[in-house]
Amino acid sequence: MASKAATPSARNRTLIVVESPSKAKTINKYLGDKYTVFASVGHIKDLPKKEIGLDFEHHYEPRYEIIAGKEKVVRQLKKLAAEADEILIATDPDREGEAIAWHISNEIGATKKPVFRVLFNEITKNAIIAAIQEPRQIDYRLVRSQQTRQGLDKIVGYKISPFLWNVVLRGLSAGRVQSVALRLICEREAEINRFEIQEYWTIGAEFMTPGKESFRTKLVRFDGDKPEITNQTQAETIAALVREGNYSVSEIAPRVQQRKPPLPFTTSLLQQAASNQLGFGSQKTMRIAQQLYEGIDLGAEGAAGLITYMRTDSTRIGTEAVAQARAYIDSQFGKEYIGFGGAAKSGKNAQDAHEAIRPTSIAKKPEQVKQFLSAEQFKLYELIWKRFLAAMMAPAKIEQTRVDVEDQSSRFLFRATGNRILFPGFMRVYDDQRELDYEAQRSTKEDVEKEPTVQLPERIAVKESLALEDVDRKQSFTRPPARYSEATLVKDLDNYGIGRPSTYASIFSTLQDRRYVELEKKKIIPTELGKDVSLILVANFPDLFNVGFTAFMEDELDKVASGEDEYEQVLDNFYKPLETVLSLRKSDPLIPQNSETTTCEKCGVGQMVVKWTASGKFLGCSHYPKCKNIKTIATNKEKPKDSGIVCPSCKEGHMLLRKGRLGAFLACSNYPKCNTLLNLNKQRHIEPLKTPPVLTDILCAKCGAPLYLRSGKRGLWLGCSKFPKCRGRLAWSTLDETARNRWEAVMAEHQKAHPAVTLTMTDGKPVPMTIPVDDIISRAEESGLVTAPAEAAAEVTA
């Protein structure tokens, strides 16, 4: 029997309270016996789950309660606080962390010990010691700001969600920020559907210099205007005219331009770059970044935090980090590569509470720590390390040369552009120009696609005659606005000032969990349910679910944090107008889907109106129940996704990711011929197939059915074969020694006959069981194992 872990003691010590056990482990390494580090494992108190938790009669005061399952943590906190000489609360350095610190302080307040707040922007020895030497009081303004956000979100959730239940479907929910994000996604989809594709043609030509060097050009002027070629006939006619001309170089225009280094990562920029370059979702990026921040075991060196705090909207870099980076650049590349890092300005809505995301030590090169990191941790750390170093380096100098070619009558102007690197600067480290072009884009409606540069001839001069080698005609079509990806959604939310660094990752996952959106080929597509919910919310609450108002409320939260505005006033200004609109809309909801109806063809009296059920929406007669005429319109069922995992039983089907009433699971595509299922745990990792139980001749004391013998983490155990109808069990220790020996031998033989099953992908490689199934599917899509979303198969129940 395993011994219980020893209860920590804080007697005659300073107690440091953090959120995460891994952070506690890292900090413990740097501090001596005078400190005890204890992890609260996140929040200890919260608003009630099943009610709004705000007292509307008394200034909207929140009513908190201990989170279920955290009672033991609170008891330990109180015990340690009573023993300690002093308490330092070192929860995360943001508003959420400040609120957690406030709750902890309130719970241990009866001990009357001195309680201080310390901030760790990075988990390194110097930073921890420096923070401990500069304790401060808990900032109640930050706590109030967090409470204001939570209060606003609760009001929307508990006041508007019931409205959706009455109008659409019970169980739906609305969110203050998520619903605005959904509106952006739905409006983009509507724009795509309205878009009319237009055909156009471009003309290209290849010329040869007298020195036999060729280069490609594009027609940019025809008879003094930009060529507008809308069909093949026009293209053929112009191409024929081009072939008749004699051509020479009309102008060579070189210019030197500086290419500025990228900004260091904010949370938003990190999530976008990780999505674009690594294929990581926002939640995955933040989960890995949290691990790098809290500490990684680096062998003999022990645990160490590799990056600074990862929730920030600032691009500011501290003077010490700038100095270290400049010294490193000087030693590795030379003085001419040192830039002006640290002077970047943050956006107008940035709180600027922390530095940008950077490595805690530039000396910890990615390759040096690679052996201690998982593949995904390494990729993200390398991205952060290179980005920070590049941000501290000098701009690149690029010579861009434009060559214009014209015919003798100047009817046709062809152009080619070539680049030559004069000084690489930051590009020695970070040369992902596509990512930098993406970040420079203001609009997310267009995919990054710049005109390619060409290799210009080494020797070319103005008025030099050129030989026309080839003329080509290319047919193209105008493209509709690009659908949102996770990266571009975060980019727009950040640009509009909606949400904050701590909320970006949860916005998309919440919409996905509610089945308002789906992710196909890394693009976000609203479901029918999502479009309907957004349409109804916007129609009934146009002033609430819009970009401008949501951004305004973010500014109000910042004012509460700075003391310029009051908690009660902000909630009052939000709630009272909402209550007025809501009282009107409850009795007279606007349903745009029913703005144009047709008369029921069966009864001739009622109108065919849109109605919703859990499985989809349909047209139903308004004269129901006298007339029961219905017509199906759409389904809400989520399409199964092919995981690329071979079915371990039939070896023919693929395991499809499905959703049942008990959650997500994997099921064989050959159902009902093969009914193999694989369960997922809370982290969405695949649970290995369990050895089937042994049917014994021992009877259940509750129902008289035979008991099953199973092997668990703590050894063999007996449970009723009629589970879950009967939950009867028999303690293994109650069997006599002879019976135990007998059944142990039976189980040993049974396990030999049923060896552990190894799961494999369709390419024969083993399934990575230590990552979520969503990441397995993403990898399968990237490697071509999964080519398209799986077609809906027969119903399977988990």
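These exercises, with worked solutions, explore a predicted model.

**Exercise 1. The barrel**

Find the order of the strands in the closed barrel, and say how they pair.

Solution. 
- Step 1: Trace the barrel. Six strands close it, in the order β9-β10-β15-β14-β11-β16.
- Step 2: Check the pairing. It is antiparallel.
- Step 3: Look at the twist. From one strand to the next it averages 35°.
- Step 4: Find the helix on the sheet. Helix α7 (residues 232-244) packs there and touches β9, β10, β11, β15 and β16. The direction of α7 makes about 175° with that of β16.

**Exercise 2. A loop residue**

Is Thr 209 buried or exposed?

Solution. 
- Step 1: Thr 209 sits in the loop between β9 and β10.
- Step 2: Recall the cut-off. Buried means under 20% relative accessible area.
- Step 3: Compare. Thr 209 has 3% relative accessibility, so it counts as buried.
- Step 4: List the contacts beyond four places in sequence. Thr 209 touches Phe 215, Pro 457, Arg 459, Glu 464 and Leu 466.

**Exercise 3. Helices α8 and α13**

Classify the angle between α8 and α13, and describe their contact.

Solution. 
- Step 1: Take the angle. The axes of α8 (residues 267-278) and α13 (residues 433-440) cross at roughly 135° and come within 11 Å.
- Step 2: Classify. At that angle, α8 is oblique to α13.
- Step 3: The crossing is right-handed.
- Step 4: Name the residues. α8 supplies Leu 269, Gln 272, Ala 273, Asn 276 and Gln 277; α13 supplies Glu 435, Tyr 438 and Glu 439.
- Step 5: Sort them. Three are nonpolar, three polar and two charged.

**Exercise 4. Helices α6 and α16**

Solution. 
- Step 1: Take the angle. The axes of α6 (residues 178-194) and α16 (residues 528-540) cross at roughly 110° and come within 9 Å.
- Step 2: α6 passes α16 in a left-handed crossing.
- Step 3: Sort them. Five are nonpolar, three polar and two charged.

Technical notes: Residues are numbered from 1 along each chain as its sequence is written. This is a predicted model: local features need pLDDT of at least 70, side-chain atom pairs count only at pLDDT 80 or more; totals for chains, interfaces and linings use all residues. Side-chain values use heavy atoms; hydrogens and water are left out. Two strands pair if DSSP finds at least two bridges between them. Helices (H or I, at least four residues) and strands (E, at least two) are DSSP runs, numbered from the N terminus. Axes are lines fitted to C-alpha atoms, for helices over the stretch in contact, and angles run from 0 to 180 degrees between N-to-C directions. Contact means heavy atoms within 4.5 Å. Buried means under 20% relative accessible area, exposed over 50%, partly exposed in between (1.4 Å probe, protein chains only). Angles under 35 degrees count as roughly parallel, over 145 as roughly antiparallel, 65 to 115 as roughly perpendicular and the rest as oblique. A crossing is left-handed if the near helix is turned anticlockwise from the far one by less than a right angle, and right-handed if clockwise. Ala, Val, Leu, Ile, Met, Phe, Trp, Tyr, Cys and Pro count as nonpolar, Asp, Glu, Lys and Arg as charged, and the others, Gly among them, as polar.
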